[in-house]
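Thank you for making time for this short talk.

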Amino acid sequence: MRILHIGALLMLATSLAACSSQNVQPNTALASNGDTHAQPELFEVSQPQPTTRSTQSQPYIQQQNQQIASTNRENNSTPAAQITPTQLGSAGADKTYRGQGRLNRLPDNIASSLRLRGLPEQNLGAYVRPVSGAQPLLVAYADTPRNPASTMKLVTTYTALGVLGPNYRWPTEIYTTGNQMGDTLQGDVVIKGYGNPNFGEQDFRQLLQALRAQGVRNINGNFVVDKSYFNVPQQAAIDNNVNADYNAQPEALLYNERGSCYEMRNKAGQVERMCPIKPRNGSDLNANLFADFWRIWVGEMSGTLNGGLQVQSVPAGAKLVNTQYSSPLRDIIVEINKESNNVKARQLLLSAGAKQFGAPGTTQKGAGAVGQWLESRGLRFSNLKIENGSGLSRIERISTREMGEMLVDAYNSPYRDDLMRSMAVLGTDGTVKNRLKNLTGRGKFKTGTLRDVRALAGYLTAANGQTYVVALLHNDANIRATAKEAHDDLVEWVYYGSQNNVASAQ
């Protein structure tokens, strides 16, 4: 939770709530009782190089992955996010392995462990295959489409690395309209977002400092927010927990992950605390951003604003003042993967869709980008169903074999290093910090947890030095946290392969 102490507003002799209510346009209000957003689980990524292809089935062709340089641009230059689609080629026939494994049922001790917990073994899909692409060690109930929970982030992030590129940086732009007369702008200030998952206070301050550096102090107009780069409908809250941080909605101008709170003194000298963001509500996001605009521009920079808050597209003829760039995607996915951040994963899917099929980014375009990327890698997944790309869904599906095959492909791609760096290390950090301490450092995994769902997917280096992909997708109405014990037993079975005559075979 972010707590911002607004001592600078004492000079205004009014509360932040009062300032906002005076300046926000009709029907826009600050929310109360908001929640912070520090999300539960994520995904992983790997780094394959796109191949070229000529085909009539893909009208949106991508050129090379671009890294955006963080430099100011002249007025009327092309916005940074309007880059050409990544050129994805066809790998030809489906290379997904469809055959049997060395073992095609769960090991006896794992099946027994499940039965003792009242869990039918067929509800656990398991796929274990050497990263070399040799015959799988284990294929058990692996072709049933299942809800992957947050392991779906593996699919989304792998796609983002391939489509956006590991060096991709999200831009956020600040514009002005009208003319500047001395230190007064006779027009509006406009902030346009392109989906930066990490846009926060320091980034916002940088943009406003650039405006101040132009000599502007007084704004005789409105503060305008442009969120048009994404078009995503409100998704119903998972499990009806509308105020939960993990239900935060994506936004082209996502600010502080919808998690800011403010403390300040009112006229009477009393400290007031406000949390204007509720993660489900887009208008709350506007209020949150406007609150920080007031705090920074008026409170810190001694500026003025005579207008209010508006939400609309950048008008024609607006002057680009400055562009702020995010850290590269390869760094952002570390937080997404290790800590399983839902809203940031959703930002990736929408961004990939916008790049491949043009703005505005939608979940449908994002799903199309995933399909293009996987097809370019020779992976055709008939069971894959995407709703938002984060796994925070009751309808997303993938089979355990498909998850495992994607991880094999990712390991043998140019994105492997970024993938491995971003994933949670077994027994060490992220969502597997407290699991399998006896195998600390031997695996990198993504977990998935929803009601009726437990999942684990990633890489394990066994005692004999062989590295395996391990994918476990478990859907059962009676599943509980203790099911993880059976999953951990299966990971140990793979690790100590030399102690059983199936796992010992290379």
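This is a predicted model: local features need pLDDT of at least 70, side-chain atom pairs count only at pLDDT 80 or more; totals for chains, interfaces and linings use all residues.

Let me begin with a term: a contact means that heavy atoms lie within 4.5 Å. With that in hand, residues 24 or more positions apart account for 76% of the contacts in the protein with a separation of 6 or more. Residues are numbered from 1 along each chain as its sequence is written, and side-chain values use heavy atoms, with hydrogens and water left out.

The protein has eleven helices and 20 strands, where helices (H or I, at least four residues) and strands (E, at least two) are DSSP runs numbered from the N terminus. Of its 506 residues, 59% are buried, and here buried means under 20% relative accessible area, exposed means over 50%, and partly exposed is in between, with a 1.4 Å probe and protein chains only.

Let us turn to helix H9, which covers residues 400–411. From its first C-alpha to its last, H9 reaches 17 Å, close to the 16 Å expected at 1.5 Å a residue, the expected span being 1.5 Å times one less than the number of residues. Why do we call H9 largely enclosed by the rest of the structure? Twelve of the twelve residues of H9 are buried, so the helix is largely enclosed, and among these buried residues are Arg-401, Glu-402, Glu-405 and Asp-409.

Next comes a pair of helices, H3 and H8, whose axes come within 9 Å and cross at roughly 75°; the axes are lines fitted to C-alpha atoms, for helices over the stretch in contact, and angles run from 0 to 180 degrees between N-to-C directions. On the H3 side, Val-155, Tyr-158, Thr-159, Gly-162 and Val-163 meet Ala-369, Val-370 and Trp-373 of H8.

Two other loop residues deserve a look. Tyr-141, in the loop between strand E3 (138–140) and strand E4 (145–146), has a phi near 50°, a positive value in a residue other than glycine. Ala-149, in the loop between E4 and helix H3 (152–163), also has a positive phi, near 50°. Which of these residues is buried, and which is partly exposed? Tyr-141 is partly exposed, with a relative accessible area of 34%, whereas Ala-149 is buried, at 0%.

Finally, consider Leu-436, in the loop between strand E17 (424–425) and strand E18 (443–450), which is buried with a relative accessible area of 9%. Leu-436 and Asp-488 are 52 residues apart in sequence, yet 6.8 Å apart in space, C-alpha to C-alpha. Leaving aside residues up to four places away in sequence, Leu-436 touches Leu-426, Asp-488, Val-491 and Glu-492.
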